[in-house]
Amino acid sequence: MDKSRIDTLRHQPVPDAKHVINGARVDASDGRTMPVISPIDGSTLTTLPKGTREDADRAVAAARLAFDDGRWSGLAPAARKKILLKWADLIEAQAEELAVLGVRDNGTEIGMAYKAEPLSAAGTIRYFAEATDKIFGEIAPTAPGALGLVHKHPVGVVGAIVPWNFPMMIGSWKLGPALAAGCTVVLKPAETASLTLLRLAELALEAGLPPGVLNVVTGEGAVIGAAIAESNEVDVLVFTGSGATGRRLLEASARSNLKRVYLELGGKSPNIVFADVPDLDEAAKISAAGIFRNSGQVCIAGSRLLVQREIYDVFVDKLVAQAKAMQIGDPLDPMTNAGAVNSERQLAQNLAFIDEARAAGRTIATGGNRILQETGGTYMAPTIVTDVQPDDRIVREEVFGPVLTVQVFDTEAEAVALANDTETGLAAGVWTSNLSRAHRMIAAIEAGVVHVNTYGGADVTVPLGGVKQSGNGHDKSLHAFDKYLNLKTAWIKL
Ligand code: ADP
């Protein structure tokens with residue numbers, strides 16, 4: 001994005017935000033609001049409705065009615081497609097405004113946010129819109145004398161709870177397939193990244209999405225998220241966020257209507273560099289980007305570096321140089337490599353991991369501290385921690401910050417053992433020139449995605465989902481429809 005355009009947009013006042021419920025912009029039922037603090041400089045951007053349980057219930061009731069009366073699922077798929085395509089076009093037409101608004105809200109550097117947020121959301125919605133009229137049922141290969149039909153029906157009301165790191169991208173991963181399938185949705189954005197998703201819901205109405213089909217309710221997770229999770233009128237819950245919240249959602253499902261729960265819970269992803277890495281400099285550059293872009297607030301971030309002993313010293317030196325060379329600061333400067341940490345709370349959490357590692361005698365090879373405090377914003381230096389032990393908390397738990405731990409290995413078997421020594425399994429990276437080894441590693445590593453000789457490449461055509469405690473189900477690709485379409489069969493005697 002052009003710098004002068006960014007500078008114009010960054011100073012525009014942000015009107016008070018409202019829920020979008022049943023096609024209308026509404027305040028919280030008790031009129032309460034919460035401030036939206038920009039992590040760029042600590043200023044207050046605007047306010048959000050501090051939603052109540054009543055607001056969540058109203059949104060769920062609107063979504064329930066909109067599903068049950070068929071105003072969306074009853075349309076011809078081609079008609080749904082047309083509206084969703086128009087929505088994608090409107091998002092794309094406002095991509096610059098949405099990108100800057102989102103960055104002011106959550107702190108991601110604009111170079112990444114512009115592509116990863118509005119443009120990728122428009123692309124994702126377009127992808128699923130195009131699929132709307134290409135979903136077929138099946139005729140089962142039964143013995144003669146009977147006809148086995150397999151219909152695909154929308155599951156009903158979807159509750160979607162999303163995080164603050166890439167609200168539009170992750171939101172569209174849920175909204176695209178859910179709406180294309182004919183479901184209705186109640187979406188709960190994160191407290192610190194709600195503004196763009198509210199705007200997306202307004203654009204959906206402008207595109208012709210009937211009222212009640214997409215509702216967005218803002219407020220605290222423990223109030224709004226919990227109300228959605230406990231509702232008997234929500235059929236499926238889709239979530240991206242922390243493991244602790246994921247557990248609560250499963251419990252809420254068990255306590256209520258046993259709604260299906262699909263979770264994407266992040267990870268502690270290993271990035272494994274063998275001595276036969278094709279290009280050490282390239283590997284160092286991409287590995288640094290794979291943990292430090294968006295200040296490490298990326299679910300697939302390669303946060304555990306495993307390096308083969310022969311190249312350990314030289315590779316760590318190169319990584320430290322990469323980390324030091326990164327331009328950290330104002331996320332609305334197009335030259336910035338990593339912007340602000342999302343909130344004071346997240347920054348404090350990141351620094352607590354570092355304090356603990358320091359106290360245990362681990363080496364902070366670079367970074368480890370808050371920077372640019374005079375700006376009023378929440379910034380942290382890219383941090384590399386070496387001499388760690390496999391049981392250290394910093395090695396086992398997701399920091400969700402710009403923090404990389406480094407471990408050394410000798411053999412391929414040792415690399416696999418270290419890589420899999422984690423409760424989670426979302427992503428991994430393997431750097432090697434040996435094709436056979438690459439395939440052995442892809443097979444052996446317990447993760448949803450294994451990147452080879454790169455880190456973090458992705459596309460809407462490729463499913464993303466974790467194994468182990470990283471969750472279940474997949475976003476993106478046509479497989480995403482599995483969460484939003486029920487199979488219903490008919491057996492007809494001929
Ligand atoms: P993080 O710690 O990264 O903010 P969370 O899992 O807390 O991750 O947040 C992800 C989403 O889950 C946010 O939209 C948040 O508001 C929501 N959330 C937080 N707590 C709960 C809860 N108890 N029930 C339902 N949703 C919640």
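Reader: How much area do domain 1 and domain 2 bury between them?

Author: The size of an interface is often given as the accessible area lost when the parts come together. Here, in a predicted model, domain 1 and domain 2 bury about 2000 Å² between them, with 56% of it on carbon and sulfur atoms. Buried area is the accessible area (1.4 Å probe) that two parts lose on being put together, summed over both. P39, E109 and W164 supply 29% of the area that domain 1 buries against domain 2, more than any other three residues.

Reader: How many salt bridges are counted between domain 1 and domain 2?

Author: Side chains of opposite charge can pair when their charged atoms come close. A salt bridge here is a side-chain nitrogen of Lys or Arg within 4 Å of a carboxyl oxygen of Asp or Glu. Between domain 1 and domain 2 the count is 2, while the count by this rule comes to 38 salt bridges. E109, named above for its buried area, forms a salt bridge with R293, their closest N and O atoms being 3.1 Å apart.

Reader: Which parts of the chain does the pair of E202 and R25 link?

Author: E202 and R25 form a salt bridge whose closest N and O atoms are 2.8 Å apart. This pair links distant parts of the chain, 177 residues apart: E202 is in helix α7 (residues 195–207) and R25 in strand β2 (residues 24–26). Helices (H or I, at least four residues) and strands (E, at least two) are DSSP runs, numbered from the N terminus.

Reader: What lines the second largest pocket?

Author: A pocket is an open set of points on a 1 Å grid over the protein atoms alone, where a 1.4 Å probe fits, with protein on both sides within 12 Å along at least five of seven lines; lining residues have an atom within 4 Å of a point. In this one, 32 residues form the lining, and M112, I300, G456, G457 and A458 lie nearest the centre. α5 gives the most to that lining, with 6 residues.

Reader: Which conventions apply to the numbering and the model?

Author: Residues are numbered from 1 along each chain as its sequence is written, and side-chain values use heavy atoms, with hydrogens and water left out. As this is a predicted model, local features need pLDDT of at least 70 and side-chain atom pairs count only at pLDDT 80 or more, while totals for chains, interfaces and linings use all residues.
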